[in-house]
Amino acid sequence: MKNIGKEISDELASHHWNENYRQLIKEAFNDPDVQSLITTHRDELTNEDLKRSASKVYEFFTIKNQLKRGEATLAPGYEPKLNVVNHTLEVVYIPSQQLMAEQKIAQLHARVKLLNLPKSLRQASLADFEVAGREAAASAAADFVQQYLTDPKKFHQGLYLSGSFGVGKTYLLAAIANKLAAENIISMLIHFPSFAVKLKNSIGTSQNTPLIETVKKVPILMLDDIGADQLSSWIRDDILGVILQYRMQEQLATFFSSNFSQQQLLQEYLTVNNRGEAEPLKAQRIMERIRYLSRETIMIGKNRRNQ
Ligand code: ADP
Ligand code: MG
């Protein structure tokens, strides 16, 4: 291959540039990527064209080497690429593999909103879910994902995962949400007792209206740990009741997890409010919505929290 760098540097030598700059430009033109691009496009590029492009070649060369040395560049995450455009060389910046991978992960994370739940759930996956003893829940989860993805517009009954502390209910919900996120489906996973506290703390203000609207409308809603707190009539009827009513009407997939079975949830959580008053009819109405929206699946197994 002809040494284009030499040819160019001879040309450049006739310019009144300072010696340092001339030397740098010469090195830049000798860069293998630059050489190979010029060779490929030699027919379109006169020496005059190349001279006009000297600063671009220098820019490309400088940034390329900064990246190689692991130094910070002006556009972190982007790699320079030299192109021939209209008889001149231009530098374009393309996202690096690493940046693209990071962007992909950020997009996945944005599709699973976690409200008062640990970030570690982002790593939960159906593939890593240890099935032993929890076959029914694992296969119900896989069935849901498969059926939902086949026809997301149709109503799909979510799961009501019940079982004792530490059997992996929250993990399984997150694994489902993460799997759906990979297919562009948006979910929201809410630690229900914290959500109730948050709402109570700003009762009477309109501060939470946007949040409640999002919770009502999100394509996949997962209410985690329902039954773990003392329920007020207001949360039950005006928040939970309203959200579930909306989701039934709009046929939106809704999941629950609880230490209680559905029967226990009705009797021990929904019926008696935090003032000790029994309101069986109101409780019954909420329970009907939960039963409509979700199918109960019992999870058994050891407590994995202290492993
Ligand atoms: P629950 O919600 O039923 O109380 P969690 O989902 O919080 O239980 O699970 C308890 C612990 O066990 C968590 O640290 C979780 O990451 C881990 N875990 C649960 N299920 C699995 C699983 N199938 N594979 C790996 N780790 C799991
Ligand atoms: Mg849990």
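In the predicted model, the lining of the second largest pocket comprises eight nonpolar, four polar and two charged residues. This pocket holds about 270 Å³ of space. Its lining is made of 14 residues, and those closest to the pocket centre are L108, R122, A124, N178 and K179. Two elements give two or more residues to this lining: helix 6, residues 97-110, and helix 8. Helix 8 gives the most, with four residues.

Helix 8 also features in the largest pocket. This helix spans residues 169-181 and gives the most to the lining of the largest pocket, with three residues. About 560 Å³ of space lies in the largest pocket. A set of 23 residues lines the largest pocket, and L121, G168, T170, Y171 and R305 are the closest to its centre. By class, the lining divides into eight nonpolar, seven polar and eight charged residues.

The largest pocket is the space taken by ligand 1. The ligand is surrounded by 14 residues. The closest of these are E130, G166, T170, Y171 and R305. T170, Y171 and R305 are also named among the residues closest to the centre of the largest pocket. By class, the shell around ligand 1 has four nonpolar, four polar and six charged residues.

Polar contacts to ligand 1 come from backbone and side-chain atoms. At E130, a polar backbone atom lies 2.8 Å from a nitrogen atom of the ligand. At G166, a polar backbone atom is 2.7 Å from an oxygen atom of ligand 1. T170 contributes through its side chain, with a polar atom 2.7 Å from an oxygen atom of the ligand. Taken alone, ligand 1 exposes 560 Å², and the protein buries 77% of that area.

In outline, ligand 1 takes up the space of the largest pocket, and E130, G166 and T170 are among the residues closest to the ligand. Helix 8 is the leading contributor to the lining of the largest pocket and of the second largest pocket.

Note on methods
Residues are numbered from 1 along each chain as its sequence is written. Chains are lettered from A and ligands numbered from 1 in the order in which they are written. This is a predicted model: local features need pLDDT of at least 70, side-chain atom pairs count only at pLDDT 80 or more; totals for chains, interfaces and linings use all residues. Side-chain values use heavy atoms; hydrogens and water are left out. A residue is near a molecule or strand if one of its heavy atoms lies within 4 Å of it. A polar contact is a pair of N or O atoms within 3.5 Å; within protein, one must be able to donate a hydrogen and the other to accept it, and residues adjacent in sequence count only if both atoms are side-chain atoms. Accessible areas come from the Shrake-Rupley method with a 1.4 Å probe; for residues, only the protein chains shown count as cover. On a 1 Å grid over the protein atoms alone, a cavity is a set of points where a 1.4 Å probe fits but cannot get out, and a pocket is an open set with protein on both sides within 12 Å along at least five of seven lines; lining residues have an atom within 4 Å of a point. A molecule sits in a cavity or pocket if more than half of its atoms lie within 2 Å of its grid points. Ala, Val, Leu, Ile, Met, Phe, Trp, Tyr, Cys and Pro count as nonpolar, Asp, Glu, Lys and Arg as charged, and the others, Gly among them, as polar. Grid points are joined across faces, edges and corners, and a volume is the space filled by probe spheres set on the points.
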